[in-house]
Amino acid sequence: MSALEVVIDTNVLYAGLRSRRGASFLLLQEIGRNRAFRIHLSVPLLLEYEEVTKRNSRALGLSHDDIDDVLNYLCSVAGLHDIFYLWRPFLPDPEDDMLLELAVEARCSRIVTFNQRDFQGVEQFGVRAVTPQEFLSEIGVLQ
């Protein structure tokens with residue numbers, strides 16, 4: 001079985017950093033270690049990760065240096081992509097369009113998010129929006 005190519009929504013990263021319980025934290029632990037999937041990043045997504053996590057660093061209990069370490073690790077294991085085309089708007093939220101554009105460019109089959117409703121219609125691009133729990137079940141980490 002080849003690795004699934006995925007994009008992780010900012011809400012999943014935030015949830016995984018905020019609590020050591022739950023599927024989001026488990027998913028973050030699997031990044032770079034589990035050969036069943038590979039994450040993908042673009043500059044806009046990385047900047048969004050940085051902005052949201054640093055703005056909420058106190059709530060996360062992390063210093064800005066800690067957050068930089070997390071983001072640097074994600075960059076070291078992710079497929080990195082430049083987005084040269086914008087065919088927005090497709091989804092109601094431009095931030096979600098950014099994720100869809102990355103998923104299409106990186107040939108990802110999954111967007112891992114808590115906001116599945118916001119990604120209605122992405123199936124026409126060969127992408128499914130799934131929750132962290134659904135994704136971990138799919139790759140055999142959860143049963």
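Colleague: Which residues line the largest pocket, and what makes them lining residues?

Modeller: The largest pocket is lined by Leu13, Gly16, Leu17, Ser19, Arg20, Phe25, Leu28, Val70, Tyr73 and Leu74; a pocket is an open set of points on a 1 Å grid over the protein atoms alone, where a 1.4 Å probe fits, with protein on both sides within 12 Å along at least five of seven lines, and lining residues have an atom within 4 Å of a point. Two or more of these residues come from each of α1 (10–18), α2 and α5 (64–77), where a helix is a DSSP run of H or I with at least four residues and a strand a run of E with at least two. This is a predicted model, in which local features need pLDDT of at least 70 and side-chain atom pairs pLDDT 80 or more, while totals for linings use all residues. Residues are numbered from 1 along each chain, and side-chain values use heavy atoms, without hydrogens and water.

Colleague: What makes the pairing of the Asn34 and Glu30 side chains a polar contact?

Modeller: Their distance is 2.9 Å, and a polar contact is a pair of N or O atoms within 3.5 Å, one able to donate a hydrogen and the other to accept it, with residues adjacent in sequence counting only if both atoms are side-chain atoms.

Colleague: How do you know whether Arg107 is buried or exposed?

Modeller: Arg107 has a relative accessible area of 73%, and is therefore exposed.

Methods: Buried means under 20% relative accessible area, exposed over 50%, partly exposed in between (1.4 Å probe, protein chains only).
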